Amino acid sequence: MRHVREWAASLVRFVKLRRDPVVVQTLRSAAAATIAYVVALRLSPEAAPLTAPLTALLVVQVTLYATLTNGIRRVNAVVAGVLVAIAFSLLVGLTWWSLALLIVASLAVGRLVRVDEYVPEVAISAMLVLGVTTVGDTAWARVVETLIGAVVGFGCNLLFAPPVWVDEAGESIEGLARRVRQLMLRMGEEASGRTPVERATQRLYEARRLDHDIVEVDAALRQAEDSLRLNPRVSEGLLHRVVLRTGLDTLEICTVVLRVLARTLTDLAKEREPERLFAPATGAAVEQLLSEIADAVVSFAVLVTSHVTASAESAESRLAAELRQAAATRDKLAQLLLEEVQRDARSWQLYGAVLTEVNRIIDEMDTEHRSRRLFEELDRTSREQRERLRRLTRVREGLRDSDRLRVPDVLRRNRSGNAEGSD
C-alpha cells in the first residue's frame with residue numbers, strides 16, 4: 001500500500017512538472033535550438049553551424065505575442081550583428097582592439113537599424129559570430145544559419161504555443177496580498193498599545209518597501225498578459241488580462257494608502273509619546289479593523305486570481321462578508337474616535353486621517369466598485385480594438401481607392417498610344 005501511495009505521489013509530481021511553464025519553456029527552447037542545428041547541418045557549409053541554434057534560442061524565448069511584435073526586431077538585431085561580424089572577419093579578424101571596434105560599430109548599427117531594446121543583442125551576436133568565424137569565405141554562412149534559426153524559432157512558437165504565465169502572476173499577486181496582510185496585522189497589534197516612535201518608523205519603512213514588491217508583481221503580470229495575447233490555448237484572454245491588471249491596480253492603491261496610514265501612525269506616536277496612541281477600547285477597535293481589512297485583502301487577491309466560476313463566486317461572497325464586517329467595525333471606531341476627540345482634541349487631525357485611510361482601503365476593494373472598474377476597462381479596451389480595426393479598414397479602402405484612380409490613367413495612356421499608332 002505504501003508503494004502505491006509513493007507511486008501515485010510520484011505520478012502527481014510528474015504531471016505537475018510537465019505542466020510547469022518553466023519546464024515547458026525550457027523544453028521548447030531546447031527543441032527549437034536542436035531542430036535549427038540539425039537543419040543548418042544540411043543547408044549550411046559550416047561544420048558546426050552554431051548561429052542557427054543561437055538565433056532559434058533567442059526567438060523562441062518569448063511569448064507568441066512578443067514573437068509577432070518584437071521578434072522581427074530581434075531577428076534584425078541578430079542579422080545586423082552577423083553582418084558586422086562578417087565585415088570584421090574579412091578585414092581584421094579577432095584581436096583586442098578589433099573587439100573594441102566591433103562593439104562600438106555594432107551598437108552604432110543597432111541604433112541605425114532601430115531595433116530598440118535589442119541594441120545590445122547586435123553586439124552580442126557580432127561577438128559570438130566573430131569568435132567562431134575564422135575563415136572569411138565561410139562567414140556568409142552565418143546569415144543562412146541566422147535565417148534558419150529565425151524560421152525554426154517562429155515555427156515553434158506558432159505550432160507549439162508558449163506557456164501561459166497566468167498562474168505565476170496569480171501567485172505573485174497573492175504573495176503581495178499576504179505581505180500586505182502581515183504588515184497590517186503588525187500595525188494593528190502595535191496600535192493597540194504604547195508604540196515607540198522607532199517601531200512605528202520601522203513599519204513605515206516596511207510599507208515603503210512594498211513598492212519594490214509591486215514592481216516585481218507588475219513584471220510577472222506583464223509576462224502573463226503577453227502570454228495571453230494571440231494564444232490559441234486561451235479563449236478569454238482579454239477578460240483574464242483585464243481582471244488581473246485591475247486587481248493589481250487596486251492592490252497598488254491599497255499599498256499606497258497603507259503607507260500613508262503607517263506615516264499617520266508614526267506621526268501619532270511622535271505626538272503622543274510616551275502615552276498610548278489610542279484609548280484601550282479605541283486601540284482594540286483599530287486592531288480588530290486592521291485585522292479584518294487584512295483578511296479582506298487576501299480574499300480580494302484570491303478573487304482576482306480565481307479562474308473557475310465556482311471558486312470565484314465563493315471568493316466574492318467571502319470578500320463581501322469580510323468587507324461588511326470591516327465596515328461595521330469602522331463605524332464603531334468612528335464613534336470611539338469621536339468620543340476620544342471630545343475628551344482630548346490634541347490629535348483630532350491624525351485620528352481623522354486614520355479613519356479616512358482605512359475607509360479608502362475598504363472602498364477600493366468594494367465588489368460594486370470593482371465591477372464598475374472592470375466594465376469601464378473592458379469598454380475602453382474594446383473601443384481601442386474597434387478603433388484599430390477602423391484604421392485598418394480605412395487604410396485598405398484608401399489603397400483600394402488609389403487602385404481605382406490609377407486604372408483610368410492607364411487606360412487613357414493606352415488609348416492615347418493606340419490613337420497615335422493609328423495615325
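Is Arg272 buried or exposed, and what is its relative accessible area? Arg272 is buried, with a relative accessible area of 8%; buried means under 20% relative accessible area, exposed over 50% and partly exposed in between, with a 1.4 Å probe and protein chains only. The legends below return to this residue and to others of the chain.

The model is predicted, and local features need pLDDT of at least 70, side-chain atom pairs count only at pLDDT 80 or more, and totals for chains, interfaces and linings use all residues. Residues are numbered from 1 along each chain as its sequence is written, and side-chain values use heavy atoms, with hydrogens and water left out.

**Figure 1. Overview of the chain, with 14 helices and 0 strands.** Helices (H or I, at least four residues) and strands (E, at least two) are DSSP runs, numbered from the N terminus. Of the 423 residues, 43% count as buried. The accessible surface comes to about 23200 Å², and 59% of this area belongs to carbon and sulfur atoms; the areas come from the Shrake-Rupley method with a 1.4 Å probe, and for residues only the protein chains shown count as cover. Among contacts in the chain with a separation of 6 or more, 80% are accounted for by residues 24 or more positions apart, where contact means heavy atoms within 4.5 Å.

Figure 2. Thr246 counts as buried because its relative accessibility is 1%. Its side chain reaches the backbone oxygen of Val243 at 3.2 Å. This is a polar contact, a pair of N or O atoms within 3.5 Å; within protein, one must be able to donate a hydrogen and the other to accept it, and residues adjacent in sequence count only if both atoms are side-chain atoms. When neighbours within four places in sequence are left aside, Thr246 is in contact with Arg370, Arg373, Leu374 and Glu377.

**Figure 3. Leu261 of helix 10 and the buried residues of helix 13.** Leu261 has 1% relative accessibility and therefore counts as buried. Apart from neighbours within four places in sequence, Leu261 is in contact with Met187, Leu290, Val354, Glu357 and Val358. The C-alpha atoms of Leu261 and Met184 are separated by 9.8 Å, although the two residues are 77 residues apart along the chain. The buried residues of helix 13 are Leu350, Tyr351, Val354, Glu357, Val358, Ile361, Ile362 and Glu364. Helix 13 (residues 348-364) has 17 residues and should span 24 Å at 1.5 Å a residue, which agrees with the 24 Å between its end C-alpha atoms; the expected span is 1.5 Å times one less than the number of residues.

**Figure 4. Salt bridges that involve Arg259, Arg263 and Arg272.** A salt bridge is a side-chain nitrogen of Lys or Arg within 4 Å of a carboxyl oxygen of Asp or Glu, and by this rule the count comes to 13. The side chains of Asp211 and Arg259 meet at 2.9 Å, N to O. This pair links distant parts of the chain, with Asp211 in helix 9 (residues 197-228) and Arg259 in helix 10, 48 residues apart. Asp211 is partly exposed at 31% relative accessibility, and Arg259 is partly exposed at 22%. Arg263 forms a salt bridge with Asp267, the closest N and O atoms being 3.2 Å apart. Both residues lie in helix 10, 4 residues apart, about one turn of the helix. An α-helix has 3.6 residues a turn, so residues three or four places apart point the same way. The side chains of Glu275 and Arg272 meet in a salt bridge at 3.3 Å, N to O; Glu275 is partly exposed, with a relative accessible area of 38%, whereas Arg272 is buried.

Figure 5. A network of salt bridges that links Arg186, Glu190, Arg203 and Glu206. A nonpolar patch on the surface, with about 540 Å² of accessible area together. Leu94, Leu99, Ile103, Leu107, Ile124, Met127 and Leu128 form this patch. Helix 5 (96-112) and helix 6 (119-132) are the elements that give two or more residues to the patch. Patches are made of residues with over 30% relative accessible area and no salt bridge, with like charges joined within 9 Å and nonpolar side chains (Val, Leu, Ile, Met, Phe, Trp, Tyr) within 5 Å. Ile103 is found in helix 5 and counts as partly exposed at 31% relative accessibility.
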